[in-house]
Amino acid sequence: MIEIETQVESAGEHLEHLNNKYANRNLNKGRGKQCSNCHLRLDHNMRNCTIDKCLTSEQCGDPSKHPDERSLMDSATEDLKRLEKELRNKTNEYDTRLKGLNSARSSFAQKIRGALINSKKDKYLVKTGSGMFVPKSGLVNQDIAKLEKHFHGKVPDNVSEMSKTFQSIIQNFDKQDISARKFLQ
Ligand SMILES: [Zn+2]
Ligand SMILES: [Zn+2]
């Protein structure tokens, strides 16, 4: 990503450099008739031209009179366009992948949440003063994250059947977590 951005930048600088070198507007300004010998617009023609024959658009600022220099500029323009297109594609790809990642994550939580709470209501639900049961969101989210790791982000086929194993998966996860922490100490 950074590599292609750098390439676009240097291709742009290269083109700008060629533009300044071969297409200098200051040299080619004015509305006078252009001479086909010196390529300047000084309202004379090649028969009464007293200036040396123009050999490069560095002198006349008109690359259309110098095919080699014109084609250098054309290919630099094409390079830049190609790289810009590549950058756009890479950016789109990146955005799509990120969106996919986010939606996979949120849909895992959505699909698993109900089954998880039902698998051990007394653990996840708390009774409010008015007698309503509400889920303990922090605990539910923590356990969803453990299950997501265990299932590698993929929702198991039969969630309600699988939910019988959720608590032992979470317990195992906690045990591993504790032994890992002990190991690190
Ligand atoms: Zn001339
Ligand atoms: Zn010229």
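What percentage of the 185 residues in the protein do buried residues make up? Buried residues come to 10%, a residue being buried if 20 or more other C-beta atoms, placed from the backbone, lie within 10 Å of its own, exposed if 12 or fewer do, and partly exposed in between. This is a predicted model, in which local features need pLDDT of at least 70 and side-chain atom pairs count only at pLDDT 80 or more, while totals for chains, interfaces and linings use all residues. Residues are numbered from 1 along each chain as its sequence is written, and chains are lettered from A and ligands numbered from 1 in the order in which they are written.

View 1. Along the sequence the elements follow the pattern α-α-α-α-β-β-α-α-α, where helices (H or I, at least four residues) and strands (E, at least two) are DSSP runs numbered from the N terminus. The C-alpha atoms fill a box of roughly 105 × 45 × 30 Å along the principal axes. The radius of gyration is 35 Å, whereas a compact globule of 185 residues would have one near 16 Å; the radius is taken over C-alpha atoms, and the globule rule is 2.2 Å times the number of residues to the power 0.38.

**View 2. The crossing of helices α3 and α5.** The axes of α3 and α5 (residues 137-150) come within 10 Å and cross at roughly 115°, these axes being lines fitted to C-alpha atoms over the stretch in contact, with angles running from 0 to 180 degrees between N-to-C directions. That makes α3 roughly perpendicular to α5, a term that covers angles of 65 to 115 degrees. In the contact, F108, A109, I112, R113, L116 and I117 of α3 meet V140, D143, I144, L147 and E148 of α5, two residues being in contact if their C-beta atoms, placed from the backbone, lie within 7 Å.

**View 3. R105 in helix α3.** R105 has its place in α3 (residues 67-119) and is partly exposed, with 14 other C-beta atoms within 10 Å. From R105 to N20, the separation is 85 residues in sequence and 51 Å in space, C-alpha to C-alpha.

**View 4. H39 and D43 in the loop between α1 and α2.** H39, in the loop that joins α1 (2-22) and α2 (57-60), has a positive phi near 65° and is buried, with 23 other C-beta atoms within 10 Å. D43 has a positive phi near 60°, but D43 is exposed, with 11 other C-beta atoms within 10 Å. Most residues other than glycine have a negative phi.

Key: Angles under 35 degrees count as roughly parallel, over 145 as roughly antiparallel, 65 to 115 as roughly perpendicular and the rest as oblique.
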